Amino acid sequence: QMQLVESGGGLVQAGGSLRLSCVASGSISGINTMGWYRQAPGKQRELVATMTKDFTTDYADSVKGRFTISRDNAKNTVSLEMNSLKSEDTAVYYCHGEKNVGRATRDYWGQGTQVTVSS
C-alpha cells in the first residue's frame with residue numbers, strides 16, 4: 001500500500017497565495033502520475049493539476065497561469081503553488097497518485113486538505 005499525506009491548506013484572502021505539499025510513503029515503487037484534485041461542496045471532484053514521472057503536466061483551464069505543480073521524484077513529493085486565489089478555488093484539495101501494479105494501475109488518494117479563499 002501507498003499512503004499520501006497532504007499539508008499546507010488554510011484560509012487566505014482573495015488574491016493571496018498558498019502552497020500545498022504531498023508526500024508519498026509506504027510501497028512507492030511504480031509511482032507514475034501524481035497530482036491534485038479538488039472538490040467543492042455540492043460539486044464533483046475535479047482535476048486541478050497533474051504531473052507524470054517524466055514531468056509532463058496537465059492543468060485545469062481554470063487554474064492555468066495561476067497554479068504551478070512541481071514534483072521531486074527522489075523525495076516522492078508533489079507540490080502545488082497557488083497564486084491569485086479566487087473564492088471559486090475554495091474546496092478540499094486531494095493529493096492523487098497513480099501506481100503501476102503489474103499490468104494494471106491503481107489510484108491512491110490523500111485525506112484531503114481544506115483551502116478556503118475569502119472574498
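Analyst: Let's begin with pairing: two strands pair if DSSP finds at least two bridges between them. The elements themselves are DSSP runs, helices (H or I) of at least four residues and strands (E) of at least two, numbered from the N terminus. Before we use that, note that this is a predicted model, where local features need pLDDT of at least 70, side-chain atom pairs count only at pLDDT 80 or more, and totals for chains, interfaces and linings use all residues. Residues are numbered from 1 along each chain as its sequence is written, and side-chain values use heavy atoms, with hydrogens and water left out.

User: Okay, how many bridges pair strand E7 with E8, and in which sense?

Analyst: Six bridges, and the sense is antiparallel, with E7 covering residues 67-72. To find your place, look at Phe67, whose bridge partner in E8 is Met82. The two strands make a hairpin with four residues between them, and Asn76 in the turn has a positive phi of about 55 degrees. E8 also runs antiparallel to E3, again joined by six bridges; there, Val23 has Thr77 of E8 as its bridge partner.

User: Now salt bridges. How many are there?

Analyst: The general idea is that side chains of opposite charge can pair when their charged atoms come close. The rule here asks for a side-chain nitrogen of Lys or Arg within 4 Å of a carboxyl oxygen of Asp or Glu. That gives five salt bridges. Take Arg19 and Glu81, with N to O at 3.0 Å. Arg19 sits in strand E3 (residues 18-26) and Glu81 in strand E8 (residues 77-82), so this pair ties together parts 62 residues apart in sequence.

User: What about Arg38: is it buried or exposed?

Analyst: First the scale: buried is under 20% relative accessible area, exposed is over 50%, and partly exposed is in between (1.4 Å probe, protein chains only). Arg38 is buried, at 6%. One of its partners is Glu46, at 2.7 Å from N to O, and Glu46 is partly exposed at 36%. Asp89 also forms a salt bridge with Arg38, their closest N and O atoms being 3.0 Å apart. Asp89 is in the loop between E8 and strand E9 (91-101), while Arg38 is in strand E4 (residues 31-39), so the pair links parts 51 residues apart in sequence.

User: Last one: which cysteines form a disulfide?

Analyst: In general, a disulfide is a covalent bond between the sulfur atoms of two cysteines; the search takes pairs of cysteine sulfur atoms within 2.5 Å. One turns up in the whole structure: Cys22 with Cys95, sulfurs 2.1 Å apart. The S-S torsion is about -80 degrees, so the disulfide is left-handed. Cys22 is in strand E3 and Cys95 in strand E9, so the bond ties together parts 73 residues apart in sequence. Both cysteines are buried.
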